Amino acid sequence: MYFRALQPFANLGHTRGRAADDSLLLDYTACLPLEVTIKEALAGHYKLAWISFIGPLSAAIPILSGGVFTAQYFIPTQEVRVAADMSGYYALVVFVCVYSLSFLIVWPRQKRRLPHDIRTLGQILSFVYESRLLNDAVFWQPRSRIDLVTRLLGTLTGDRGSSRYAFGVYMGRDGREHLGIDRLHRPESGEMFIATGTMK
């Protein structure tokens with residue numbers, strides 16, 4: 001779940017910023033397990049798709065390991081013995097190997113760190129509390145989610161592609177610099193300072 005929540009911030013960390021559909025509107029944390037895997041794969045986030053796929057699949061490991069060995073009564077010898085089901089054992093070995101090799105894929109190549117945690121709504125909102133996004137007409141009283149998505153993608157005003165968002169140091173509503181999320185470029189305050197462009 002941590003990687004799902006962090007993906008929008010990783011996208012916002014690019015030096016050229018990202019459009020709203022690839023940053024602000026990512027809803028990976030709210031999707032069902034199979035649904036999120038498909039969405040991530042279609043968006044090109046293959047590492048995240050693999051993590052989302054292997055997570056629920058790992059639940060099969062204890063189920064298979066519990067079903068491999070069973071106690072059986074052998075009539076000819078009048079004994080109770082523990083017997084192994086070899087087909088279940090082979091399936092267990094395959095699942096464990098796939099799961100173990102997944103650690104190589106999951107292992108972070110770059111450090112993805114934020115100044116503070118993002119587990120609560122308050123912690124996420126702290127990245128926009130002085131942002132000029134709060135004054136943007138795009139966010140004023142959207143009637144529905146579709147209305148908000150349409151506004152963010154710029155199809156109403158015809159400026160699709162010009163609204164790029166980023167995570168970095170921006171000039172806040174109070175005239176001071178803040179770290180968080182804002183438009184990449186604003187005429188009145190210039191371009192944001194983004195510390196790194198290597199987050200993938």
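Predicted model: local features only at pLDDT ≥ 70, side-chain atom pairs only at ≥ 80, totals over all residues.

## Nonpolar cores

The largest nonpolar core has 17 residues, of which Phe9, Leu114, Phe127, Phe167 and Ile181 touch the most other members. The elements that each supply at least two residues of this core include α1 (2-12), α7 (145-153) and β4 (164-171). Leaving aside residues up to four places away in sequence, Leu114 touches Leu6, Phe9, Phe127 and Phe167. A second, separate core consists of five residues, among them Leu26, Tyr28, Cys31 and Val36.

## Helix α2

Within helix α2 (residues 33-42), Val36, Thr37 and Glu40 are buried; because they cover an arc of only 105 degrees around the axis, they lie on the same side of α2. The buried residues of α2 pack against α1 and α3 (46-57), whereas the face turned away from the buried side carries the exposed residues Leu34 and Leu42. After α2 comes Gly44, whose phi is positive, near 90 degrees.

## Salt bridges

Six salt bridges are found in the whole structure. One of them joins Arg145 and Asp27, with the closest N and O atoms 4.0 Å apart, and this pair links distant parts of the chain, since Arg145 lies in helix α7 and Asp27 in the loop between β1 (18-19) and α2, 118 residues apart. Asp27, Lys39 and Arg145 are linked in a network of salt bridges.

Asp147 forms a salt bridge with Arg143 at 3.9 Å between the closest N and O atoms; Asp147 is buried, with a relative accessible area of 11%, whereas Arg143 is exposed at 74%.

Note on methods: Residues numbered from 1 in each chain as written. Heavy atoms only, no water. Core = buried A, V, L, I, M, F, W, Y, C linked by side-chain atoms within 4.5 Å. Buried < 20%, exposed > 50% of the residue type's maximum accessible area, 1.4 Å probe, protein only. Helix = DSSP H or I, 4+ residues; strand = E, 2+ residues; numbered from the N terminus. Contact = heavy atoms within 4.5 Å. Arc of directions from axis to C-beta. Salt bridge = Lys/Arg side-chain N within 4 Å of Asp/Glu carboxyl O.
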